[in-house]
Amino acid sequence: MMSYRHLLLFLFFLTAGFSTYAQQGGKNKITGKTFDAHTGSPLGYATVTLYSRADSTPVTGNITDDAGVFTLEAKPGTYFVKIDFLAYTSVYLSDITVSEGTAPVALGNIKMQPAATMLDEVVVQAEKSSMQLALDKKIFNVGKDLGNAGGNAADILSNIPSVSVDVDGNVSLRGTNNVKILIDGKPSGLVSFKGADGLRQLQGSLIDRVEVVTNASARYEAEGTGGIINIILKKERTRGLNGSFDLITGYPTNFGGAVNLNLRRERLNFFINSGVAYRNSPGDGSVYQEVYSGDTTYIYRQANERDNLGFNKNVRAGLDYFFNPKNILTAAYTWRSSKGERSSFLEYTDYLFSTDNPSGITTRTQDEQETEPNSEYALTYKKTFEREGHELTAEVRYLDNWEDSDQDFVERSFLPDYTPTGAPEVLEHSYNFETEKQLLLQLDYIHPFGKDGKFESGLRSTFRDMTNDYLVERFADGAWQPVDGLNNNFIYDENIHAAYAILGNKIKRFSYQLGLRAEMTDVSTILKQTDESNPRDYTSLFPSTHFTYDLPGQNAVQLSYSRRVRRPRYWDLNPFMTFTDNRNFFGGNPDLEPEFTNVFEIGHVKYMDQASLSSSLYYRHTTGKIERIRRVDDQGNATTRPENLSKEDAFGLEFTASYSPYKWWKVDGNFNFFRAITNGDNLGESFQSDTYGWFSRLTSKFSFWKGTDLQLRGNYESKLQNTQGYRKPNWFIDLAISKDILKNNGTLTLNVSDLFNTRRHRFVSEGDNFYTYNNFQWRARQINLTLNYRLHQQKAKPDKKQGEGEGGDF
């Protein structure tokens, strides 16, 4: 196995030959950097607007990047700049003169004062947009979307453009479900045992924003061929005591509350986020299936109903200690607990040859009790050096999770007229105990050079151990007896070591970023009772390139490439089958191999006075494509598990836009069209597909009168084919209205998700010997009423008296 020394030497020599110094920027530019006046921390995603000095009309605008840096372009003239950021005093910089043929106008480092230090009569002008566009990612500010009020993390993701959440809670981005989900930039225990379905345990009121990265650089771990979704939790560093409180009620049952508090005193900043939720998620569905065996056709219809009661608690607390403005130590602890009670009722009606000839009825009930605690510990140190952008970050993170589930099943048989057959009831019980322990070590270093050059490097190691002790018993002959093939202990060990290096620079209007990441993967799975093992040990290289060219008029174009991987996840490899529906089994495949994807993308972003537009053309070539394959035996019992297909080629075109024609009206829209060609000839000629699909989302927000907003959103997903059938179209509409109360310190929001209750997942699967049609609704229409109260925080209002900002050096 390649050692860390060899990896570092390889990356060093690869990038050393590219070092160069940046040249002077282009003409008619205005540059600057925003940061907190007290902590020295850069303020990313602040809104910067350039106004004409002559008539005070807006000329152009932009948002600051992660480092707080912004660049504007303007024709020769005299201007002033306004900078807005949530919970900070607006900054005004006047008498800015731009001349033709001169060097860029450098505004330098611009201090922004936290709003908590302002006089009572001063109003903060710092409202963030619900959507902010950049070439390398899109940022969605959760609190500005009224449709998110009262929901959980999975609900919020389903409201984000290009993202969809299916009946099982699986998240897809641009039509692919291989998405890496992070919380605060790191893996979380919430997406361990249940995948993205675990996000339903996280209250939406604890989330600040969501970042979507579709073509990640070598800085990010290589997992996620479809992209990365990073959920950022709320955290403030504003001086004094400030925060927010949320109360939630809804129908179907949805009761909850959340507290987000921050206390900043001199060198110490303490933060705590806590939430509690009690929610019922009812659902229903149906299945129609035909099975062909010789000259006989067996048919069954299934109807099912379920209730999913969950009581979730979340606490996240930590502190930042400022040794000085350039050295910060952060310690945080997160505890989550979920207790679930699930009940379901399934009814099967069997037929022979046609639905006019019923042969019997079977019912099956499930009652489940589940407990899932989750603990995360994190320690982070960040050092910034004298030169701007020169930093070192080190982090240690430990996760400790377990889940205990007990399920009871009762199955009864009836004649077609619902008369009992006299056969004894079938009683079954399943035990499932899962554990996870994960240690993450990470070191990142950024070293600027020249005018705009930057070299980045880092190391990362993760050690992950998971177990699943699984047993299904059936009551027979007066005793509980194990069911053959459903009694085992699955052990999953995963160790991944990575090193990366990135070199970036800018020459006039052209900038580039070259990166390489190496990852060594050591994964093994063991089935203890049957003594089956499957070790995997491989090293892979993941290059990335990003080339950007700034065009006149606040336009920019970027060409990017990256190589990504989807490693089989724990639940992909775990062979134990779900047992709720004993005619439809879902499980993993211990022999599954990783899939690799090369991603190419051309992106364009344009900023205008009242609008912004982002467009991209992308192509993904995947080998070893992982797709769930359904097989049905002659008795009509179906087994679905992931398998590797030969390859997939996907092409797509995406548009995302934001437009505000009037001060009281704002529109956000997204449209994605794609084609996917899948080849599964390694499994048989029938596993082929060539599909076209598109999905669109349009949000319109109106501000009718003082402190009152109305939001309407429409969603549509087209028909989509896969290797065994197709998914039918899906559409739904969300409605929300909010009103500021309590002297503008509180907001009352009423929202209705899926207003007409049309959001159903309908799909057809076909094989050589079967036809299956499924119709499910996992999320019924939800009505929520949410009260948000802000402590020492102000919500943006129309212009009144504004606080003075401050420019100059720190």
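## Strands and overall makeup

Helices (H or I, at least four residues) and strands (E, at least two) are DSSP runs, numbered from the N terminus. By that count, the protein has 3 helices and 44 strands, and Trp694 sits in strand E36.

This is a predicted model, where local features need pLDDT of at least 70 and side-chain atom pairs count only at pLDDT 80 or more, while totals for chains, interfaces and linings use all residues. Residues are numbered from 1 along each chain as its sequence is written, and side-chain values use heavy atoms, with hydrogens and water left out.

Of the 810 residues, 55% count as buried (under 20% relative accessible area; exposed is over 50% and partly exposed in between, with a 1.4 Å probe and protein chains only). As for contacts (heavy atoms within 4.5 Å), residues 24 or more positions apart account for 68% of those with a separation of 6 or more.

## Two nonpolar cores

A nonpolar core here is a set of buried Ala, Val, Leu, Ile, Met, Phe, Trp, Tyr and Cys residues joined through side-chain atoms within 4.5 Å. The largest one has 25 residues, and Leu157, Leu199, Ile207, Val210 and Ile231 touch the most other members. Helix H2 (153-158) is one of the elements that supply at least two residues each, along with strands such as E13 (207-213) and E14 (227-233). H2 gives the most, with 4 residues.

Apart from this core lies another, of 21 residues, including Leu93, Ile96, Leu107 and Met112.

## Aromatic pairs

Rings of Phe, Tyr and Trp (its six-membered ring) pair if their centres lie within 6.5 Å; planes under 30 degrees apart count as stacked, over 60 as edge-to-face and the rest as tilted. The whole structure holds 28 such pairs. Take Phe763 and Phe776, which are stacked at 6.4 Å centre to centre with 25° between the planes. Phe763 belongs to strand E42 (residues 761-767) and Phe776 to strand E43 (residues 770-777), so the pair ties together parts 13 residues apart in sequence. Phe763 is partly exposed, with a relative accessible area of 26%, whereas Phe776 is buried at 18%.

Ring pairs also link Tyr662, Trp664, Trp665, Phe702, Phe704 and Trp705 into a cluster.
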